[in-house]
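Dear colleague,

Please have the model open as you read.

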Amino acid sequence: MYNTSNQSEYDLDYNDTDYDLVEPCSHHKNHSLEQVVGPYVHSIIFILGFVGNSLVIVTYACYKRTKSMTDVYLLNVAIADLLFVVSLPLIVYNELSSWSMGPVACKLLRGSYSVNLYSGMLLLACISTDRYIAIVQARRSFRLRSLSYSRVICVMVWASAILLSVPTFYFYDRYEPSHTKDVFMDEDEMNQSSEPSRHVCDFSFSDNTTAWRTKVAVPSIQLAVGFFLPLLIMIFCYSAIILTLLKARNFQRHKAVRVVLAVVAVFIVCHLPYNVTLLYDTANMFELQLCEDSDFLRSVKTVTQTIAYLHCCLNPVLYAFVGVKFRNHFRRIVQDLWCLGKKYIAPRRFSRVTSEFYVSTRRSQDGSSENGSSFTM
């Protein structure tokens with residue numbers, strides 16, 4: 001069995017005249033960076049992403065039903081981002097220590113991580129298309145923006161994400177890398193060694209040809225479908241939306257232009273640096289590199305990947321809480337939790353008052369108009 005991890009793990013230190021066998025690159029700078037980014041920065045991303053996306057899901061489940069195509073997309077984006085951040089601590093654990101949860105858990109974790117990545121990005125493209133139809137093609141929007149269409153599209157998005165993640169499910173496995181073993185030790189010395197074996201959850205291949213094709217195809221598909229396709233759709237749709245909004249002499253519409261620009265700017269700032277780094281890494285994957293260059297590239301990849309992870313924390317703010325109606329539903333969550341807390345703290349004194357207040361607020365706010373989308377466009 002031929003096992004291989006990231007290609008840079010096997011870069012050898014060399015010079016122009018000496019090609020003696022030496023140990024793999026240690027990547028000290030990147031490892032030091034991961035010790036900070038992994039436990040601390042990713043923990044903040046996990047907390048913010050978990051809270052924000054959970055609030056979106058709770059809002060739709062308990063207070064606001066999915067009454068439009070926008071609502072269906074928003075709910076699915078929140079689910080994808082929530083599953084993404086839940087898997088993040090395990091990804092960090094795998095990168096900082098030995099993998100001890102078995103091969104099945106390894107495949108499920110990495111596979112679900114890939115599914116949520118693709119589905120989240122494709123759903124953002126769907127939201128851009130939905131806004132384009134609602135604003136630019138307003139005359140046909142009622143016919144094209146139906147709940148049945150949106151549900152079918154979401155099923156297609158999740159199915160496409162699973163299909164694109166098949167190589168990840170198949171080739172990821174738990175194994176002990178050969179470069180962690182001492183090549184100068186015989187079999188008896190290796191058996192008597194007291195150091196525990198270090199297993200990883202990474203790509204594993206049976207031959208070099210499959211390894212080369214897969215390690216090029218997987219990041220290439222991620223670049224094409226997971227970044228450039230949504231980016232092109234967003235640029236086209238939001239450019240047409242801005243032109244349409246600028247023609248309308250309305251303060252709210254001009255205010256919406258700033259929201260659109262913020263959505264596009266945040267997407268580019270979060271994802272462009274990492275995808276450029278990934279493109280460079282893929283193009284030079286099988287080129288021999290100096291250890292210093294390899295260490296620098298891995299450090300840049302770690303930083304830019306963390307910036308890309310921040311987008312799942314910003315999605316609830318950009319796509320949900322920016323809407324006035326959605327903010328009203330969020331206030332109702334806070335009010336109901338406050339009333340519920342008062343009811344349990346002093347049930348005899350506040351039970352009747354909080355119950356009447358809860359019912360009255362629900363009736364008064366549920367009677368408001370719920371037509372249209374969740375966005376203030």
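In this predicted model, helix α1 (residues 28-62) and helix α10 (residues 291-309) have axes that come within 9 Å and cross at roughly 5°; since angles under 35 degrees count as roughly parallel, the two helices are therefore roughly parallel to each other. On the α1 side the contact is made by His28, Lys29, Asn30, Leu33, Glu34, Val37, Val41, His42 and Ile45, which meet Asp295, Arg298, Ser299, Thr302, Val303, Thr306 and Tyr309 in α10. The residues of this contact of α1 with α10 divide into six nonpolar, six polar and four charged.

The second contact concerns helix α3 (residues 102-135) and helix α5 (residues 147-164), which pack at an angle of about 145°, with their axes 8 Å apart, and whose crossing is right-handed. Here Val115, Asn116, Tyr118, Ser119, Leu122, Leu123 and Cys126 in α3 meet Ile153, Cys154, Val157, Trp158, Ala161, Ile162 and Leu164 in α5. The residues of the contact of α3 with α5 divide into twelve nonpolar, two polar and no charged.

As for α3 itself, this helix is mostly covered, with 25 of its 34 residues buried. Its length also agrees with expectation, because at 1.5 Å a residue the 34 residues of α3 should span 50 Å, and the end C-alpha atoms are 50 Å apart.

With best wishes

Key. Residues numbered from 1 in each chain as written. Predicted model: local features only at pLDDT ≥ 70, side-chain atom pairs only at ≥ 80, totals over all residues. Heavy atoms only, no water. Axes fitted to C-alpha atoms, helices over the stretch in contact; angles between N-to-C directions. Helix = DSSP H or I, 4+ residues; strand = E, 2+ residues; numbered from the N terminus. Left-handed = near helix turned anticlockwise from the far one by under 90°. Contact = heavy atoms within 4.5 Å. Nonpolar A, V, L, I, M, F, W, Y, C, P; charged D, E, K, R; others polar. Expected span 1.5 Å × (residues − 1). Buried < 20%, exposed > 50% of the residue type's maximum accessible area, 1.4 Å probe, protein only. Parallel < 35°, antiparallel > 145°, perpendicular 65-115°, else oblique.
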